[in-house]
Amino acid sequence: MNQITFKQNLDDGIKEIKKLPLYKLDDDTKLLKKAFDILYKKDIFTLYKVDSKEHNDYKFILFSTLTKHSGSLAFLAIQILAANAIMSANNFPKRELYFAKQCGIAINHLRAPVTVVSATKCEGGYRLKGRLTWASGYGIFDTLLIGFHYDGREYESMAEFSNSENFVIGEVATSFVGNSMATVNIELNDFFVKDEDVVSSQLMRNYTQKKSVSKTVHFALYGVGCGAVEALTDDEVKKVAHARLESIKDRFLATNDGEVMDKLRIELFTLLQSIITTGMVLYGGKSILIEEKMQRYYRELIMFNSNGLNNTIKGLFKEKFLF
């Protein structure tokens, strides 16, 4: 699959998705799944077939195009692409089986300085105890890539995303954005994973130490910005907003320096907040209506900026506010 084919498939999928009431994709899980299935059938999430060196190019095309139509849908895209990338990078023997499924991810707890999900070895696999948090896509994804600790190592494994006595799915979280993603916490009570479903095994803290510089949040924020600029009704503001947005885009595409990326993320967030707020004010009070785009972009701006936060980014935001 080359970029031309990918973009054509994406454009075809979005044409179908635009026939849906887009403002409902943020709150209606069944409708969000319908939209997700449209893209899934268009092979939009098969970047494992593409050379990893080109992944950022494809993800930029995807998120700069998709996010303006639905942040919730773009967020699910981030999840499945991450799960598939991990299976591919580790040459997981059963990866083709799971590529054919719709897979989410619940491994962020591996960043914690303590063990959140522990395991005991048993015949044919492991029994897990602990809590998986922020697992999105319940009722949409078939499977989950989950993380756990055992004997000084961190593991990633596949699991069915379905409620059971040992895999207890909690209530869907309620938030002011992305309710349709059906985000849940999961209690693991001696939950069994097979040896053959283990994707990777690395030294403890590998997930934190080896995590590469990611531009995914920047891509998604830029996509929100593209939608916001398109929705502006004042031509003068639109021209300036577009120029400033493209300037930041050019800079984050040109760098792989983590410190620069963090600073550009804050600059991008601040610009988008200003664009959206100005657009809403100029459009008037009706901008708060649920079917209007700007109020959705405002909420999705917060959603994407809340993703992947670490102490460095938090410190930079605090420093910007104080000084």
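The structure, which is a predicted model, holds 18 aromatic pairs, where rings of Phe, Tyr and Trp (its six-membered ring) are taken to pair if their centres lie within 6.5 Å, and where planes under 30 degrees apart count as stacked, over 60 as edge-to-face and the rest as tilted. One of these pairs joins Phe75 and Phe304 in a tilted arrangement, with 6.1 Å from centre to centre and 40° between the planes. Phe75 belongs to helix H4 and Phe304 to helix H10, so this pair ties together parts that are 229 residues apart in sequence; helices (H or I, at least four residues) and strands (E, at least two) are DSSP runs, numbered from the N terminus. Phe75 is buried at a relative accessible area of 10%, and Phe304 is buried as well, at 1%, where buried means under 20% relative accessible area, exposed over 50% and partly exposed in between (1.4 Å probe, protein chains only).

Another tilted pair is that of Tyr126 and Tyr155, with 5.3 Å between the centres and 50° between the planes. Tyr126 lies in strand E3 and Tyr155 in strand E5 (residues 153-160), so the pair ties together parts that are 29 residues apart in sequence, and both of these tyrosines are buried. Ring pairs also link Phe60, Phe219, Tyr222 and Phe252 into a cluster.

Residues are numbered from 1 along each chain as its sequence is written, and side-chain values use heavy atoms, with hydrogens and water left out. Because the model is predicted, local features need pLDDT of at least 70 and side-chain atom pairs count only at pLDDT 80 or more, while totals for chains, interfaces and linings use all residues.

What does Leu128 contact, leaving aside its neighbours within four places in sequence? Its contacts (heavy atoms within 4.5 Å) are Val117, Ser118, Ala119, Ile146, Phe148, Leu188, Asn189, Asp190, Phe191 and Val193.

The strands can be followed next. Strand E3 (residues 125-135) pairs with E7 in the antiparallel sense over 9 bridges, two strands being paired if DSSP finds at least two bridges between them. Within this pairing, Lys129 stands opposite Asn189 in E7. Strand E6 (residues 167-169) also pairs with E7 in the antiparallel sense, over 3 bridges, and there Ile169 has Ile186 as its bridge partner in E7.

In one of them the side chains of Lys68 and Glu230 meet at 2.8 Å, N to O. Lys68 lies in the loop between helix H3 (55-66) and helix H4 (71-89), and Glu230 lies in helix H7 (residues 216-231), so the pair ties together parts that are 162 residues apart in sequence. Lys68 is buried, with a relative accessible area of 15%.

Glu196 forms a salt bridge with Lys94, the closest N and O atoms being 3.1 Å apart. Glu196 is in the loop between strand E7 (184-194) and strand E8 (198-203), and Lys94 is in the loop between H4 and helix H5 (95-99), so this pair ties together parts that are 102 residues apart in sequence. Glu196 is partly exposed, at 46% relative accessible area, and a network of salt bridges links Lys94, Glu196 and Asp197. Glu300 and Arg296 meet in a salt bridge of 3.1 Å, N to O; they both lie in helix H10 (residues 293-305), 4 residues apart, about one turn of the helix, and both are buried.

Arg296 is also among the residues touched by His69, together with Ile14, Lys18 and Leu22, not counting residues up to four places away in sequence. His69 is placed in the loop between H3 and H4 and counts as buried at 14% relative accessibility.

How values were computed. Salt bridge = Lys/Arg side-chain N within 4 Å of Asp/Glu carboxyl O.
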